[in-house]
Amino acid sequence: MENRIREVRKKRGVSQEKLANSLGITRQAISQYEIGNREPKLETWQKLANFFDVPISYLQGIDVDETIDQVDFKKLSPLGLSFYENESFDKNESSEATEIQLHEDMLNSILYGEKSSALESMDKYIEFLSKLKAKIITFNNDEFLDNYLNDVVAEYWWDDSSNSDLATVNHKLIREVLKRVENGNKELRNYIVKKFIYDSSDMLESYFEYKKNHKEDITEVKDYLNKLEKERKEKDPEMYNLLNSLKNIKIVVKKKENKK
């Protein structure tokens, strides 16, 4: 993807030397940026954008309409932010909360705003993510997913003394999952983690779906889930009915009028 620095500079009738002097860099640097041999730092992109009074993304050659067609923005957030969810660039605000807000603002402006506002919101989001570049480079995806799976296991390691048989099966099935992951089944690990992050799905319900999708024997895990559901219903009927009704609620969001 070619940037638009040269194109915009020519249209404005600005020489490389004048642009370089205004930005406090060398003319050679401007030349290298324009032909793509060097990539400007984030602060340089900002100076260029301020000088020409255009969004950074426009100078970078990003076409908002093309980007919208190619990227599912709704999936950028949960897994994208997971590796730094406990980090903070601002002591008073977690980077996770910042990412979520910037992501939401960008999505709304893209769907319902003018093109200029969409580009500006993308700039803010891209700028924030750029600050995470060093973390992304050193991030170990497998290590993160293994640790996340362990967190899921800890949450669903069910141990209810009122029904030791169910607890025994629960532990057996969880150990089965862990053994398969230890033996290299990353697909299963990723499936369970993804279902947990996106849908807050129960670990063994996800395992049931995985086995069913792969045409594996589901007898034991299905029998466990049926008995567990029966146990929950008998133990607290009101809570069971409440949770069951919540599953069937469909939230209808009225779309704003598209101004584009």
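**Exercise 1.** Which residues are linked with Lys 211 in a network of salt bridges?

*Solution.* In this predicted model, the network of salt bridges links Lys 211 with Glu 176, Arg 180 and Glu 216. Buried means under 20% relative accessible area, so Lys 211, with a value of 9%, is buried, whereas Glu 216, at 25%, counts as partly exposed.

**Exercise 2.** Determine which helices are tied together by the salt bridge between Lys 195 and Glu 209, and describe the accessibility of both partners.

*Solution.* The closest N and O atoms of Lys 195 and Glu 209 are 3.2 Å apart. With a relative accessible area of 18%, Lys 195 is buried, while Glu 209 is partly exposed at 30%. Helix H14 (residues 203-213) also holds Ser 206, which is buried at 1% relative accessibility and which, leaving aside its neighbours within four places in sequence, has Lys 195 among its contacts.

**Exercise 3.** Describe how Glu 7 and Lys 11 are placed in helix H1, and how exposed each residue is.

*Solution.* Glu 7 and Lys 11 form a salt bridge whose closest N and O atoms are 3.3 Å apart. Because the two residues are 4 apart in helix H1 (residues 5-12), about one helical turn separates them. Glu 7 is partly exposed, at 35% relative accessible area, and Lys 11 is exposed, at 64%.

Conventions: Residues numbered from 1 in each chain as written. Predicted model: local features only at pLDDT ≥ 70, side-chain atom pairs only at ≥ 80, totals over all residues. Heavy atoms only, no water. Buried < 20%, exposed > 50% of the residue type's maximum accessible area, 1.4 Å probe, protein only. Contact = heavy atoms within 4.5 Å. Salt bridge = Lys/Arg side-chain N within 4 Å of Asp/Glu carboxyl O.
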